[in-house]
Amino acid sequence: MAISDPGRITVNPVLRYLYSGKNIVGSALAILGLLLFFTGVITSFFWPFVVLAMYGVGALLAPGPPKMALAATSFDPDSIRRSLQHTLSMANGKLPPELQPRLQQIADTITGILPHYSDFPAGSPDLFVVGRTATDYLPSALQAYLNLPRAYASLHKMPNGKTADQVLGDQLTLLAAKMDEVADAVHKKDSDALLANGRFLEERFGASPLALPQQGAA
């Protein structure tokens with residue numbers, strides 16, 4: 001069933017950091033520093049600073065979340081394919097198992113639309129929604145999720161009562177449903193339906209610096 005309002009991922013920055021790999025690696029090195037002190041390896045009066053320094057080194061060296069390629073200024077089939085490939089590569093193995101096929105479904109639907117780009121005028125706002133979804137809405141939703149530590153995304157409930165896993169699932173369900181509608185509108189060359197879907201998704205997933213072109217705009 002389609003989701004009319006998937007909600008957004010909201011984050012408690014303190015809890016996110018506590019769950020993060022940077023905190024885990026830093027804490028592990030700090031514990032190692034404490035063990036070195038208690039076993040007599042470190043005997044300096046400045047051992048607390050050594051422990052803090054080891055924590056800082058661990059936090060700095062731990063990798064951050066992967067980065068998605070976001071928001072191109074123009075759309076063409078090749079750039080959209082590249083964006084989708086990058087998105088799939090970055091998300092591979094980092095989503096709950098039930099969400100990976102949903103992401104692939106969206107990518108497959110968009111890829112199936114691309115051969116029909118030549119059926120529309122160059123720069124047509126009718127297909128803007130396809131490029132915007134591939135290079136902005138989809139990677140932005142995934143980036144917000146991938147920025148979270150895995151345990152935080154699965155266990156911590158946001159103010160709407162859902163975990164980040166559940167919110168992302170709702171977002172992908174909505175995007176999949178709308179891309180199916182867009183594909184149907186493309187095959188029927190139904191410009192009104194394409195623009196309606198574009199404005200619906202902009203309302204749910206916008207707004208970014210890329211404004212949806214107005215019908216009839218130059």
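In the predicted model, the buried residues of helix H9 are Leu-194, Leu-195, Asn-197, Gly-198, Phe-200, Leu-201, Glu-202, Arg-204 and Phe-205. The cover over these buried positions of H9 includes helix H6 (128–146) and helix H8 (164–188). The N-terminal end of H9 is capped by Asp-190, of which a side-chain oxygen lies 3.3 Å from the backbone nitrogen of Asp-192.

Helix H6, which is part of the cover of H9, contains Ala-144. Ala-144 has a relative accessibility of 32% and therefore counts as partly exposed. A separation of 9.1 Å is found between the C-alpha atoms of Ala-144 and Leu-168, which are 24 residues apart along the chain.

Along the chain, Ile-24 and Tyr-55 are 31 residues apart, and their C-alpha atoms are separated by 9.3 Å. The loop between helix H2 (21–38) and helix H3 (47–61) holds Phe-46. Together with Phe-45, Phe-49 and Leu-52, Phe-46 forms a nonpolar patch on the surface. The accessible area of these four residues together is about 540 Å².

Methods. Residues are numbered from 1 along each chain as its sequence is written. This is a predicted model: local features need pLDDT of at least 70, side-chain atom pairs count only at pLDDT 80 or more; totals for chains, interfaces and linings use all residues. Side-chain values use heavy atoms; hydrogens and water are left out. Buried means under 20% relative accessible area, exposed over 50%, partly exposed in between (1.4 Å probe, protein chains only). Helices (H or I, at least four residues) and strands (E, at least two) are DSSP runs, numbered from the N terminus. Contact means heavy atoms within 4.5 Å. A polar contact is a pair of N or O atoms within 3.5 Å; within protein, one must be able to donate a hydrogen and the other to accept it, and residues adjacent in sequence count only if both atoms are side-chain atoms. Patches are made of residues with over 30% relative accessible area and no salt bridge: like charges are joined within 9 Å, nonpolar side chains (Val, Leu, Ile, Met, Phe, Trp, Tyr) within 5 Å. Accessible areas come from the Shrake-Rupley method with a 1.4 Å probe; for residues, only the protein chains shown count as cover. A salt bridge is a side-chain nitrogen of Lys or Arg within 4 Å of a carboxyl oxygen of Asp or Glu.
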